[in-house]
Structure formats: C-alpha cells, structure tokens
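Please open the model in your viewer and keep the sequence beside it. This tour goes from one selection to the next and says what is there at each stop.

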Amino acid sequence: MLLSKHEQAISECQLTACLTQACGIGQAEIVGFVWLTHQVDCYNFPSRLMVTWVFDTQTNRERTLSNGQGERMAQLTAEAFSEAGISVSAVSAHLAFDSEEQCQHVNAGNWQKRLERNYRARNYSVAKDIENPCISVCQLSGELCLSCGRTKEDIRKWKRMKRPEKIAAVERATLRLKNLQKKHPGQC
C-alpha cells in the first residue's frame with residue numbers, strides 16, 4: 001500500500017507511540033531486554049515493516065526465545081500493530097531479535113549498519129526460499145520434533161510460510177536444538 005507523505009507521518013507517529021508502550025512492558029517483564037526499534041519501507045507498507053527486539057547479551061536473547069517469551073514479544077508487537085491500525089497476516093514475519101553484545105562483536109557497536117544489513121537481508125534477499133530443516137528422521141516428543149527442532153505447527157505450516165516466517169521458524173528450531181543438547185548432551 002502506497003501512503004501519502006502525510007499518511008506516512010501519521011502512521012509512523014502512531015506506530016512509534018504504540019511500540020514505545022510495548023517496549024516499556026517488555027523491559028518490565030523480560031530479563032535482559034533493553035530496547036526495540038522498527039524499520040519500514042513506506043513503498044511496501046506494511047509488508048516490509050520490521051520490529052527488532054534488542055537484548056543486552058546473546059545469552060539472555062537465547063534464553064528468552066527458548067523459554068517461550070518470544071511469544072510474549074510477538075503478542076506485544078501484535079497489540080502495538082493493532083493499536084496503530086496496522087494489519088499483517090503473521091506478526092512473526094515482522095520480528096527480529098538481536099543483542100547489543102552481538103552488535104558490538106560483529107559491527108563494532110554500529111547499530112545503523114547492523115539494522116540496515118539485517119533488514120535488507122531479511123526483506124530483499126535474492127534467495128527465493130529457505131531450505132527445509134527436516135532431516136527425514138522425525139522424532140516427535142509432544143509438540144516438538146527432536147530431529148529438526150520445529151514444532152508440529154511449524155512443520156504443518158511450512159509450505160504456506162513466507163520467507164521471513166521460515167527464517168524465524170528455523171531460528172527458533174535452532175535454539176530449541178541447542179537447548180536440548182545442553183540439557184541432554186550426547187542424546188540429540
């Protein structure tokens with residue numbers, strides 16, 4: 001949807017205010033969460049809207065995502081989008097998670113460069129699809145495949161997911177597998 005400059009300014013102000021509220025709630029509830037930001041391509045709004053939740057350390061980022069609080073951040077983002085009048089099909093496709101520690105290590109603390117690179121990689125990559133993480137050795141335990149790390153829901157929805165959703169699903173699956181390996185060394 002192409003917005004006029006006036007509509008862009010209004011939408012940006014509403015979104016910023018709503019995300020600021022989500023940020024405050026996140027800081028109060030989520031250990032290690034520090035701040036969030038968003039990026040948008042006004043010519044492809046809201047399909048190329050990205051919200052990045054930033055943690056102090058990579059350990060806190062991984063811990064939060066592995067213990068289910070990623071869903072809370074998705075909920076807060078969805079509420080902010082709704083309050084700002086923004087409708088998207090899957091909020092998870094518009095989320096990214098990062099850490100100040102990783103930015104310092106990889107980009108010498110240059111957030112502008114890091115966010116721009118991540119945004120372009122996520123939204124404008126030439127690659128059409130993300131490789132399916134299935135290794136054809138399904139080991140379901142409850143709602144989780146112990147071989148690829150995806151949930152039953154992720155597996156069921158895989159073919160209908162858009163590229164950013166697949167990226168998010170693979171990131172979550174990778175974290176789950178790392179956590180399983182930490183809990184049960186040698187079994188995964």
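Does Trp 35 count as buried, partly exposed or exposed? Select Trp 35: at 22% relative accessibility it counts as partly exposed, where buried means under 20% relative accessible area, exposed means over 50%, and partly exposed lies in between (1.4 Å probe, protein chains only). Before going on, note that this is a predicted model, in which local features need pLDDT of at least 70 and side-chain atom pairs count only at pLDDT 80 or more, while totals for chains, interfaces and linings use all residues. Residues are numbered from 1 along each chain as its sequence is written, and side-chain values use heavy atoms, with hydrogens and water left out.

The ring centres of Trp 35 and Trp 111 are 5.0 Å apart and their planes stand at 80°, so the pair is edge-to-face; rings of Phe, Tyr and Trp (its six-membered ring) pair if their centres lie within 6.5 Å, and planes under 30 degrees apart count as stacked, over 60 as edge-to-face and the rest as tilted. Trp 35 belongs to strand β1 and Trp 111 to helix α5 (residues 111-124), 76 residues apart, and Trp 111 counts as buried at 16% relative accessibility. Helices (H or I, at least four residues) and strands (E, at least two) are DSSP runs, numbered from the N terminus.

Next, show the open sheet of three strands, which has the order β1-β2-β3 and mixed pairing; two strands pair if DSSP finds at least two bridges between them. At its edges you find β1 (33-39) and β3 (95-99), each pairing on one side only. Strand β2 (residues 50-55) runs parallel to β3 and is joined to it by five bridges, and in β3 the bridge partner of Trp 53 is Phe 97.

Then select helix α2 (residues 58-66), which packs on the sheet and touches β2 and β3, contact meaning heavy atoms within 4.5 Å. Helix α3 (residues 69-83) also packs on the sheet, touching β2 and β3.

Phe 33 is buried, with a relative accessible area of 6%, and Trp 53 counts as buried at 0%.

Conventions: Axes fitted to C-alpha atoms, helices over the stretch in contact; angles between N-to-C directions.
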